[in-house]
Amino acid sequence: MHTCDFSNHQNRDLRLEDLSPEYRAMIRQSTRSDPYYPGWHIAPPCGLLNDPNGLCEIDSVHHIFHQWFPAGPVHGLKYWRHVTTRDFVHYQDEGVAMAPDQPCDCHGCYTGMALREEDGARLYYTGLSSAGQEPCTCTALFDGRQITHREKLLDRDPAVTTINYRDPCVWKKGESFHMLVGGESLEHKGVLLFYSGTRADRFSYRGLLDLGKQNFGYMMECPNYYEEGGAGVLFFSPMGMPSGSKYDYRNVFSVVYCIGEPLDTIQGRFLIQKVYEMDKGFDFYAPQSYRDEKGRRILFGWLGNSKNPYPTDRNNWAHMLTMPRLLRVEGDRLVQQPLPELEALRGEAVPVPAEMQLPHSRLELEAGAGESFSFMLENELGENITFTGTAGEYTLDRSGMSEPYALNFGAVRYAHRLEPSGSVRIFVDHSSIEIFCDGGKTVFTARFFLRGGLTLRTQGLNGTLYMLEKTVWTFPPKDGGVTYV
């Protein structure tokens, strides 16, 4: 059986009910048999995964939704797929949580978030309500089991933005509710639209959020805002950010954050002192965070790039979510660290070797890094990916991969080194690498594709290596007419 032809956007409006059980079984089998498929990250059962959505914890269960096109590894008609966990080691795939079948979202259920309420959560998301891709802001209720009461909340105002209008973020302060929505102005500038209301389902437009004179490209999407320790934290994904050096904004699209005084909801203003790039790697976008029941701020991002094919496309799947990360504010910087629960995946601890043939490609390395260090994964043909550090710079180089891709955006990424010596944590999962440096202030996230068995080679790293176990998954008995065993 052949896969669908998605060229020229053919077949991108296929719905789950349009796919035969045989086709679903075939693409799921090709997905799960791909050697690049992750062992401990959230990834699609087949098709394309992108933005994390609706993150929340209800009664000790973490709910992780993501956008999903089930028919193949392209951006098509979007669903929300639902995953739950209590410990980030054992996961339940809950299947489809939201299908594009309501008047407000009949042409796609796009990015949204969850606002916790006493008996569950209220969801806010972007729906496409017409074949012309007309966006609107929608709302729904989630009780920890199912999503109900989906309806349109706000229309796009064509006098304010182009059709690029999406990704609501809502927070409550005092007795008022506030909302940011990303957009592209009629002058083709990235903007955030600001709304307020006294009810969670009624909002009035207040104007464009005043962010000063900073250039945020031609479009801003996926805004996230929260307050911690008396500071306001705003991060978002701007399109078209100009780059002035090899260190900044080298991806197709980047993610930035700003920390300052809490957003002024009276004036509709957020004063920006400094803008930082959230990730220096190749494949990180559309992150979303939530506060869990322990009071921690947890982040997931989309571990992908929206403008290039991937080697996994031939096996009918694309992309994954990042590992869950803890966020905290340190001065004007965001610190990212791996969620401690992931330590349960660790196998036997061994000293970081100078050279070691790996039994598989799932590992964690935690080490002190000297002024000069290197980390390399290499196959028997000499194809490799390297991460190196000097006194003033980090370099991630994937130009030696078995299967290069996205070369139009370069094969090397750089970052200034903030600490001339300190710890480095590196996580690998078959075809992804996530690197935490400078105490978590500098992070690299990337995909890489190396065929065959790998050898680890290091210099200047003194610490511990762990081989990681796979997470444990339970799948729904039926999904789109296919029974999984």
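How much space lies in the largest cavity? The largest cavity holds about 60 Å³, where a cavity is a set of points on a 1 Å grid over the protein atoms alone at which a 1.4 Å probe fits but cannot get out. A volume is the space filled by probe spheres set on the points, with grid points joined across faces, edges and corners. This is a predicted model, in which local features need pLDDT of at least 70 and side-chain atom pairs count only at pLDDT 80 or more, while totals for chains, interfaces and linings use all residues. Residues are numbered from 1 along each chain as its sequence is written, and side-chain values use heavy atoms, without hydrogens and water.

Across the whole structure, 5 cavities of 30 Å³ or more are found. Residues lining the largest one (those with an atom within 4 Å of a point) include Phe253, Phe282, Trp302 and Ser306.

A pocket, by contrast, is an open set with protein on both sides within 12 Å along at least five of seven lines. The largest pocket has about 1100 Å³ of space. Its lining comprises 41 residues, and His75, Gly76, Lys78, Tyr110 and Ser306 lie nearest its centre. Strand S9 (161-173) is among the strands that supply at least two lining residues; strands are DSSP runs (E, at least two residues), numbered from the N terminus. S9 gives the most, with 5 residues.

The second largest pocket has a volume of about 650 Å³. Of its 32 lining residues, Met113, Ala114, Leu115, Val170 and Arg297 are the closest to its centre. Here too S9 gives the most, with 7 residues.

Technical notes: Helix = DSSP H or I, 4+ residues; strand = E, 2+ residues; numbered from the N terminus.
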